[in-house]
Amino acid sequence: MIRYLKRGRDVQARTADDTKVRATVEGIIRDIEQRGDEAVREYSRKFDNWDPQDFRLSQSQIEAAIRSLSPRELEDIRFAQAQIRNFAQIQRDSMRDVQVETRPGVFLGHRHIPVNAVGCYVPGGKYPMIASAHMSALTAKVAGVKRIVSTAPPFQGAPHPAIVAAMHLAGADEILVLGGVQAVVAMAVGTPSLKPVDMLVGPGNMFVAEAKRQLFGRVGIDLFAGPTETLVIADDSVDGELVAVDLLGQAEHGPTSPSVLLTDSEALARDTLAEIERQLKVLPTAAIAAQSWAEFGEVIVCDTREELLEKADELASEHVQIMTREPDYFLDNMTNYGALFIGPRTNVAFGDKVIGTNHTLPTNKAARYTGGLWVGKFLKTCTFQKVVTDEASAEIGEYCSRLCHMENFAGHGEQANIRVRRYGTRPEVPWYEPVPALDA
């Protein structure tokens, strides 16, 4: 039996379409399309109180930002990027171009072709999300993207030096200090001072997410992202202190971020509830985490691991942390999740910041049909066909002709017929009629 010791607000209500946000974003897109840089500058002044001479950082400004960091800070950034680059390269190496001869004289294949230009949005107005620069720009670089534009809003009135350093070390070709909808729209539609990109990636607030939604189709996007979600699946092999730390560590992302405990131990569930109350009295980010936990935190108790699995797949959470005696049961059987964090020695923060996997992941149950950002998202898998013998062209042409006429496409059929006449042994095949089978 599945039962709740604590329920949160309905997540679907939280993610319901906000008509005010939608209308605001529609207006900004329309305005930037019409007025270009002038509109971008006005919105930057309005929303970020930021109006530099040039939103694009010069090489000397980038170098100054890097010099302002300590050697330890730079080494930590480089360490994180080395892990992320290594795993992204392993993923890229697993994707092979193919060409196979499927019938005599018929060759089919595909190539993985990088997107030409990508815009990477890095949140940084409230929290400087340094890791987002690694996850987007660096991964795009490993994929082979030729032009990477990376942007973040000003932090407390200035470019955040660690974000700038991370963007540069990740391989960004252009670094902007520009935030919000205006940044996303400028990269997507282009302005007189900024060439448009082909794809937008990176998390952001509800306005940034809505802008990506409205721009999708004009440009590609990584995924539709909502507030961060975490699910901890635990049994009594761990204690409430550890579980509470891992739940609140994600609840501090924002006041609408769900944190859920799923357990088969009611004792652990109650221990965790008590620990959360204790930790909220000392957590520096308790003002945000407490609101998130109060409104969206949940504690769910099940009787069996099969029930745990069923509920976990129903929730389809962005982050799923497994702390049970048999964690590989969930690795082998779960189907709906953004990323798994297996065992008490790992956690979501490792994945968010440094361990090597990508932290841009599906939310709002999108894990039912997509994974997160990875090197393959920046690659277009494009097929090709090559027919090299007369016999193969004529053979495929006969089948194609008849199939086209089943669909009443006479013009398509003639594309096949003319190959049958020219490359086969049947010059008598009539125009705009299906090629009769020889054994008919």
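1. Helices H2 and H3 are oblique to each other, because angles under 35 degrees count as roughly parallel, over 145 as roughly antiparallel, 65 to 115 as roughly perpendicular and the rest as oblique. Helix H2 (residues 19-35) packs against helix H3 (residues 37-48) at about 140 degrees, with the axes 6 Å apart; axes are lines fitted to C-alpha atoms, for helices over the stretch in contact, and angles run from 0 to 180 degrees between N-to-C directions. Helices here are DSSP runs (H or I, at least four residues), numbered from the N terminus.

2. This is a predicted model, in which local features need pLDDT of at least 70 and side-chain atom pairs count only at pLDDT 80 or more, while totals for chains, interfaces and linings use all residues. Residues are numbered from 1 along each chain as its sequence is written, and side-chain values use heavy atoms, with hydrogens and water left out.

3. Helix H5 (residues 71-93) and helix H7 (residues 161-170) have axes 10 Å apart and pack at an angle of about 40 degrees. The crossing of H5 with H7 is right-handed, meaning that the near helix is turned clockwise from the far one by less than a right angle. Contact (heavy atoms within 4.5 Å) involves Leu74, Ile77, Arg78, Gln81 and Arg85 of H5, and Ala162, Ala165, Ala166, Leu169 and Ala170 of H7. By class, this contact of H5 with H7 has 7 nonpolar, 1 polar and 2 charged residues, where Ala, Val, Leu, Ile, Met, Phe, Trp, Tyr, Cys and Pro count as nonpolar, Asp, Glu, Lys and Arg as charged, and the others, Gly among them, as polar.

4. For helix H10 (residues 240-251) and helix H11 (residues 266-279), the axes come within 8 Å and cross at roughly 60 degrees, which makes H10 oblique to H11. The crossing of H10 and H11 is also right-handed.

5. The chain is divided into domain 1 (46-222 + 377-381), domain 2 (227-372) and domain 3 (390-439), with bounds that come from an automatic or database domain assignment. Between domain 1 and domain 2, whose C-alpha centres lie 28 Å apart, the contact takes 16 residues from domain 1 and 17 residues from domain 2. The area buried between these two domains is about 1,200 Å², of which carbon and sulfur atoms give 60%; buried area is the accessible area (1.4 Å probe) that two parts lose on being put together, summed over both. On the domain 1 side, Tyr127, Met135 and Lys377 lose the most area to domain 2, together 40% of what that side buries.

Definitions and conventions
Helix = DSSP H or I, 4+ residues; strand = E, 2+ residues; numbered from the N terminus.
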